[in-house]
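Hello,

Here is the structure I promised to pass on to you. Have a look at it first, and then read my notes below.

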Number of protein chains: 4
Amino acid sequence: MIYFTTDYSAGAHPRVMEALLRTNEEHHNGYFEDAHCENAINLIKKRIGDDTVDVHLMVGGTITNTTAIAAWLKPYECVVSATTGHINVHETGAIEASGHKVLTVPEHEGKVLPEDVRKVCSEHDNEHMVKPGMLYISDSTELGTIYTKKELEELRKVCDEFGLILFLDGARLGSALTAEGNDLTFEDLPKLCDAFYIGGTKNGFLFGEAIVIVREDLKKNFRYMIKQRGGMFAKGRLIGVQFEEVFKDDLYLEMAAYTNEMAKLMRDGMKAKGIEFLAESPTNQLFPIFTVEKVAELQKKYVFQHQAWMDDGREAVRFVTSWLTKPEEVEELLADL
Amino acid sequence: MIYFTTDYSAGAHPRVMEALLRTNEEHHNGYFEDAHCENAINLIKKRIGDDTVDVHLMVGGTITNTTAIAAWLKPYECVVSATTGHINVHETGAIEASGHKVLTVPEHEGKVLPEDVRKVCSEHDNEHMVKPGMLYISDSTELGTIYTKKELEELRKVCDEFGLILFLDGARLGSALTAEGNDLTFEDLPKLCDAFYIGGTKNGFLFGEAIVIVREDLKKNFRYMIKQRGGMFAKGRLIGVQFEEVFKDDLYLEMAAYTNEMAKLMRDGMKAKGIEFLAESPTNQLFPIFTVEKVAELQKKYVFQHQAWMDDGREAVRFVTSWLTKPEEVEELLADL
Amino acid sequence: MIYFTTDYSAGAHPRVMEALLRTNEEHHNGYFEDAHCENAINLIKKRIGDDTVDVHLMVGGTITNTTAIAAWLKPYECVVSATTGHINVHETGAIEASGHKVLTVPEHEGKVLPEDVRKVCSEHDNEHMVKPGMLYISDSTELGTIYTKKELEELRKVCDEFGLILFLDGARLGSALTAEGNDLTFEDLPKLCDAFYIGGTKNGFLFGEAIVIVREDLKKNFRYMIKQRGGMFAKGRLIGVQFEEVFKDDLYLEMAAYTNEMAKLMRDGMKAKGIEFLAESPTNQLFPIFTVEKVAELQKKYVFQHQAWMDDGREAVRFVTSWLTKPEEVEELLADL
Amino acid sequence: MIYFTTDYSAGAHPRVMEALLRTNEEHHNGYFEDAHCENAINLIKKRIGDDTVDVHLMVGGTITNTTAIAAWLKPYECVVSATTGHINVHETGAIEASGHKVLTVPEHEGKVLPEDVRKVCSEHDNEHMVKPGMLYISDSTELGTIYTKKELEELRKVCDEFGLILFLDGARLGSALTAEGNDLTFEDLPKLCDAFYIGGTKNGFLFGEAIVIVREDLKKNFRYMIKQRGGMFAKGRLIGVQFEEVFKDDLYLEMAAYTNEMAKLMRDGMKAKGIEFLAESPTNQLFPIFTVEKVAELQKKYVFQHQAWMDDGREAVRFVTSWLTKPEEVEELLADL
């Protein structure tokens, strides 16, 4: 079988594995208080061009989202998200379990529009309703689309108007920053977001994310929250070693760029065959639409996931490329189409 | 420096690292739904001699405790724990953050006595007070001590009397089961506990624990809870691979036995020098008592942690051995004492 | 000024006040454990024709909803509600603060359609998403509309299909049961709902609601939940005395019928003048649509609330009648229109 | 039977009932936004000599405690309380259900000592443990004892040292402020506490408490919290009317003083007969110790509650006086002893 299921179906990039092996018999303090974590954090600060931020290493995406939202919202505040937002759909109510409503706005190919945020904030104006306290977006989104710098600036503006924290879920940030059409850089993020996270799990790590906290008042006692929410990893150094390795040069973005390249190969090939897509994704998640028969046929040889049913009975599916995807695997798929 | 800080200051046992490397480029489904996890779970069931249980692989200890407690207690129920219990002292209110009171009973060298449980349950008998719903114990305890089979049977009895779930935190279960004086076996645990977990992080893993759910009504929909609490690890296979490796033969207990052996060397040596201990620990955590001057002197060469101040001004400290501890490191310490 | 703001803008019906005065110097046990509460509960059981149910007296609506939902849902379960549902919009995230997502379905004049419930339940079918556990409806709804017996039976059916608890918020149950076009009776409710509450606050009480729990497994330890959620009223007898007074004969429905009569007078008068309505309400909440100028003019003499803006710039407002509304007040309003 | 069960076993003081009757047919905005609430709040501010505070009217004690604690603590913060504190023992885990640990210190006749607070705060000094964020005390305490001004000043000092909010539960504040030996005044409270509440339920009201928020940063958006926690009473005016009535002159303290007078009559009479007490209470709760036989005999004619078992097998019971207690009832009891 050939795998296009997810970008986390395999292990880690060889350099990441080597780094873990190389440091395996070192003794370190637990809980991210070791030299590798310190170094990793410094490399991240340098890479995003801001050494005033706080960076914390995290175990996974759901726990990063929950920890941040639980830490920063007051009990009566809610987080605004697209209906397709990961926190709204795919976290089994983790946000609500921490006490906060996810207030939805319509999605536009997975993205949030400033006017929708403005509308929902204007409507929630008294103490009988939740108070919007944060805007949650992801880049790339759940549909593989990305925000332009201008779009992010517009969202920043509406957040300032209503006093919302702007939090960007970067589970697939690498893929976003190296996508065709992207004009955002690592350096832009601390200027536009109050907090964001840099995803490792879906970009060549065994696991691990790094949350960057920009706004001063969000920094305080965040480690207490990490511990309480179950993210105070005993061997925190493991995440430190991985971030250190991929940020000591530009491996982080290189892995992502490679993944996008494989996706482009697939996308261009599919488009050339007249295949339609559910959304215009320039990143490593593609959502081609096939007939049910075609899907059944492809499943004999390829592993991929169902995404949605179209009104005409056809099926949108999801193909994802990763650091391990090989050009010949894509070529074989294209040949089979 | 020589490290006796914790049993999680280094990486993983070489065989564990090899297994991770060997399987690194395999593609698998995420979220513990892969062949390695399946195999690991079957090996665990076989090892504990009960294939009717449910086993789930977990990322870490705090998240295992919180997920289990949040899953199984009704909103008005509390968990009974020794004052020294990890969930009471060292989880930053994670249990309370999931809505449940930790109701304490006195600790006896870290252990819980049945009569104390009986007393507190008898006193909490009406709807103006929380209702005890679970007894939480750990083996080995936070002070390195262990439960005998008879003691565990007595606790089982009191749990049955008051309808309490008996949950055993096995973060250091390996060390307990291979300790001098221990008469409990892996096979006893599903007979005596409603649920327990087998700790990997503190016994030669990079990370990972396995929770075993025995009681039928506790099994349902546990994966929903894992996801909501942030433990639905994307590359779940990593934990599967580790458990598979150490349970395919008896490596799990062998690593623990080695650790205990190193501790015994240290303990016997210290006792021979007349050093006193805070608790009588037969496992890999030792709590010798030194003068402040002695502690300061040792800190120049050894890394270890503060535990408690004695009434006479002396200091109890904690020395922990691990799979990586070498006999010559212990000998050197003894020579320096 | 003439008040059509709400049905809770005035105090209680004279007979209710007399009952409170009459019993004021009696001594009773607190927390609903007195003779008046016992009698009230028996009268309610008799009135709904089911003495197998559990009835608990409650302080108010939000606390009744939160207590029930928190008591009955497992941590990963959500409650399904119309977008307009009180728990979704007007409880400041109280449900989410108890840990549960409110999963919305479209509203149809405030009502829920079975096919929408079926769709959302079918889509939420795995552990990465919340699990629907309850359907919340209100009768009359937030838009004054009511469910027919057939509609309620259809909802019961879909609840049985997906294992949902059917919970009916009866804050304005009196008005619903005495409305034109209603074919539901008190006796139908325990046959069709798993639980429901009978609202007092909005029907001539000082305050107080009565929750009726039909399904056996929902009954256990509900008083613990009442206490924990802040509803264990010290002088619980006050609510007992009120329910006792209005259920010792048919005052409960008589007050509601009177209120509906006043609303009908207003509605018929408005319709005769060609005034349009936001929803077709046969109960005591009316939502006429006026020009902004007309609203401004009416506000000089009448007190009422804004409801919504229409696309054409007109304003839907809310007029509510109560036990204290006088026919001449309605006549005066109609004359002024 | 003669009732000494609680101070909330009867209804309200005649003047309170009259005020409710007098205002019954007035129309008002709901949710404490009416003229009576406004007036009541102003009278309270005047009475405590501080018009910079925020005052909110509340439905009951548990809901006041939970709302305040949930509003003001960050998720990882805990509230420090005596082991006997109401929030620790008698609220069915309501505080924990809002996510916060109650961290206990030893009680001294129901009171908290500054040195115990200092100790527990010093020990909780890193992110693996909860962070003390509030000190909760009650005056009078659960054992009827009271704090002197000096004692309260000492607690204020330790709160300032560790950055704790000082919150005083005044469910029985009236009885405390009018007790023999008391040197605290209403005016002292906003100077020494960050927040406190003035209890009505146990001092001649039907129900209702008033929370006073002194510290600026605790004031913001408190009404959101009241709503979310179920305390946004529809007919909020009812509580406004009651506070208005008892604070328009000195009825609040007069009722409490009368209650204390009745208790003193009882206490002095009991002491004259050589009866011992569990605690030295100068307020309206007395805890005499009797043999089991004596208790059984008294129960034939008097209603009162069990408090605790003494080591010698005797029983401490609780006698409480209220605004309705009559001197001849106390005399009769004394004659029977």
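How much area do chain A and chain B bury between them? The figure is about 4000 Å², with 59% of it on carbon and sulfur atoms; buried area is the accessible area (1.4 Å probe) that two parts lose on being put together, summed over both.

Some background before you go on. This is a predicted model, where local features need pLDDT of at least 70 and side-chain atom pairs count only at pLDDT 80 or more, while totals for chains, interfaces and linings use all residues. Residues are numbered from 1 along each chain as its sequence is written, chains are lettered from A and ligands numbered from 1 in the order in which they are written, and side-chain values use heavy atoms, with hydrogens and water left out.

Back to the interface. Chain A gives 43 residues to the contact and chain B gives 43 residues, where contact means heavy atoms within 4.5 Å. In chain A, the residues that lose the most area to chain B are Tyr8(A), His27(A) and Lys235(A), together 18% of what that side buries.

What about polar links? There are 27 residue pairs in polar contact between chain A and chain B, both residues at pLDDT 80 or more. A polar contact is a pair of N or O atoms within 3.5 Å; within protein, one must be able to donate a hydrogen and the other to accept it, and residues adjacent in sequence count only if both atoms are side-chain atoms.

Enjoy exploring!
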